Amino acid sequence: MIRMASGIKRHEISPERVMLAVFAGVCFLSVVRVSSAVDLPAVNCSLVTDAYSSLGFSPADVPNAETPGGHPRVCGPQKTCCNTVMEENFNHRSTRDFEKLIDDTSEELRNTFMTRHKRFDGFFLDLLERTEQSQNEMFIRTYGKPYMQNAEVFQSLFAELKRYYTGGNVNLEEMLNDFWTHLLERMFQLLNSQYVITEDYLECISKYMEELKPFGDYPKKLKSQVTRAFVAARTFVQGLVVGREVANRVSKVTMSPACIDGFTKMLYCSYCNGLSTLKPCKNYCLNVLKGCLANQADLDPEWSKYTDAMLLLTERLEGPFNIESVMEPIDVKISEAIMYMQENSIQLSYQVFQGCGQPKPSGMSRTARGVPDTFSGRFSPYNPEELPTAAAGSRLGRLRIVWKAMQYSVGDIKEKLRQFRKFWSWIPEGICQEEHVAAVDGDDDCWNGVSRGRYVPEVLKDGLTHQVNNPEVGVDITRPDTLIRHQIAALRAMTNKLKNAYDGNDIYFQDSDDDSSTSGSGSGCSETCVTESDSFITQAPREEAEKRDEASSASSIRSSLLLLVLSPLVVSALVLR
């Protein structure tokens with residue numbers, strides 16, 4: 001028993017020896033596997049020469065026979081009909097191929113933003129110009145020379161609206177307040193042409209503008225409508241500019257050395273093995289592109305938020321902030337404000353005299369001062385369906401053609417924004433699904449980077465952090481691309497402005513040469529430039545104004561006789577200073 005036990009003990013295998021044997025077996029199988037992958041059939045280098053020269057390279061570069069592995073850095077380590085000269089040529093060609101693929105894939109996106117911006121901007125400026133022409137023609141027909149002598153009041157209004165829309169440093173609220181103040185000054189001088197109205201006196205009148213409300217609530221209503229519409233339109237067109245510039249910049253990809261090697265191996269190393277007609281496997285292509293475009297994919301989340309904000313703003317442009325609803329009746333709204341002042345002219349003059357004092361008599365009659373005793377021209381509201389004249393019908397008809405074109409343009413932009421919402425993470429799929437780039441999905445008769453056969457590694461997720469173990473392209477996830485980060489910041493700032501414009505908030509764009517913003521877009525203002533949501537409606541202190549209003553209302557007497565005499569003259573407030 002003792003002898004038998006000792007025999008058994010001598011033949012017993014320790015756990016360490018078992019593990020060593022298993023490890024040796026694994027290593028043997030690995031060697032066999034590598035050998036089977038590397039020991040490819042001998043390649044006829046003459047076939048490689050034909051394929052290589054078809055790319056425009058010199059056939060003299062191709063060796064007569066296979067060279068030992070290791071000489072081509074990228075297309076090694078197995079025996080191959082390629083050398084370092086050929087590999088260098090493949091590197092240069094693959095760089096051009098990659099840049100062209102990215103350019104072709106992003107061409108529709110870039111052209112969309114360029115053409116839609118140009119179209120919307122052109123339609124809006126055309127609408128603004130035609131609206132001014134329409135107002136001018138209407139006033140000339142109605143008032144003739146008196147209006148023409150004072151048309152600069154309205155010309156200034158439209159000039160400032162255009163300057164605001166095109167990105168000028170215009171405070172829209174203050175500009176509209178100035179328009180009504182200037183209109184009040186012209187009308188007040190006309191109503192009181194028997195007095196000497198000095199600049200100091202006019203300045204005094206302007207201080208009482210909020211308290212007197214000479215035009216009723218019309219300025220406040222028009223200010224709200226104009227501001228919301230113009231803020232939305234300007235922010236929208238600036239958003240198109242930002243999208244265009246981001247697309248242009250991000251589409252110019254700088255390939256890293258690892259990307260060049262990986263792309264070269266995918267497209268051209270198959271030539272070295274006589275497999276030039278074999279397309280890269282679809283999943284192989286995806287991993288190469290995801291590695292090369294890791295930083296571009298990181299743009300996608302902010303790009304999606306930006307497109308969503310643009311889509312929300314298009315709803316405003318088609319709905320409550322529709323520029324058509326503002327521009328079509330602007331001349332009628334102003335005329336209604338003038339008529340309101342006409343009907344309250346006696347009380348208005350009396351209140352001004354109470355607050356600013358009685359002006360000195362001029363010692364001249366109205367006729368001597370060039371003020372007509374009668375002025376028959378007068379605005380009157382009209383139903384757009386019952387136009388007063390053929391000329392007016394033609395005028396509004398031209399405007400509506402432009403409005404319809406703008407509406408179509410906005411609808412077209414909406415469809416394109418939805419289409420490109422996930423563009424940057426879609427690029428690898430977009431390129432690898434091209435028939436001339438990679439094999440169809442599921443086709444195992446493809447180039448897997450080593451030989452003909454199925455591509456085994458799994459397809460990685462999008463973005464820089466997911467490329468840490470990319471089997472095809474080495475990616476340093478600790479060094480994000482600076483250009484991409486700047487574009488992400490620009491999109492984030494623009495998205496914030498779009499959201500504020502959706503709420504009707506005024507946003508002041510300022511030109512900036514900062515590389516992090518888009519050149520020429522006028523969108524370099526930071527988020528702090530956004531005003532409060534109700535900033536476009538001035539809420540002046542009212543306590544003192546209410547006291548003055550009570551005193552002046554108690555002493556105001558309306559004279560019917562004077563109203564009859566003055567009312568024909570009031571509408572020509574546009575006439576004389």
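These legends accompany an overview and close-up views of a predicted model.

**View 1. Overall make-up of the predicted protein chain fold.** The protein holds 22 helices and zero strands. Of its 577 residues, 48% are buried. Among contacts with a separation of 6 or more, 82% join residues 24 or more positions apart. The accessible surface of the protein comes to about 28900 Å². Carbon and sulfur atoms contribute 53% of that surface.

**View 2. Helix H7 against helix H8.** H7 spans residues 172-191, and H8 spans residues 199-207. Their axes come within 10 Å. They cross at roughly 125°. The crossing of H7 past H8 is right-handed. On the H7 side, the contact uses Thr181, Leu184, Glu185, Phe188 and Gln189. On the H8 side, Tyr201, Leu202, Ile205 and Ser206 meet them. By class, this contact counts five nonpolar, three polar and one charged residues.

**View 3. Helix H14 packed with helix H20.** H14 covers residues 300-318, and H20 covers residues 482-502. The two axes lie 9 Å apart. The packing angle is about 25°. H14 and H20 are therefore roughly parallel to each other, because angles under 35 degrees count as such. Their crossing is left-handed. From H14, the contact takes in Glu302, Trp303, Lys305, Tyr306, Ala309, Met310, Leu312, Leu313 and Arg316. From H20 come Ile488, Leu491, Arg492, Met494, Thr495, Leu498, Lys499, Ala501 and Tyr502. By class, the contact of H14 with H20 has 12 nonpolar, one polar and five charged residues.

**View 4. Helix H3 and the glycine that follows.** H3 runs over residues 45-54. Its buried residues are Cys45, Val48, Thr49, Ala51 and Tyr52.

Conventions. Residues numbered from 1 in each chain as written. Predicted model: local features only at pLDDT ≥ 70, side-chain atom pairs only at ≥ 80, totals over all residues. Heavy atoms only, no water. Helix = DSSP H or I, 4+ residues; strand = E, 2+ residues; numbered from the N terminus. Buried < 20%, exposed > 50% of the residue type's maximum accessible area, 1.4 Å probe, protein only. Contact = heavy atoms within 4.5 Å. Areas by Shrake-Rupley, 256 points an atom, 1.4 Å probe, with all protein chains shown as cover. Axes fitted to C-alpha atoms, helices over the stretch in contact; angles between N-to-C directions. Left-handed = near helix turned anticlockwise from the far one by under 90°. Nonpolar A, V, L, I, M, F, W, Y, C, P; charged D, E, K, R; others polar. Parallel < 35°, antiparallel > 145°, perpendicular 65-115°, else oblique.
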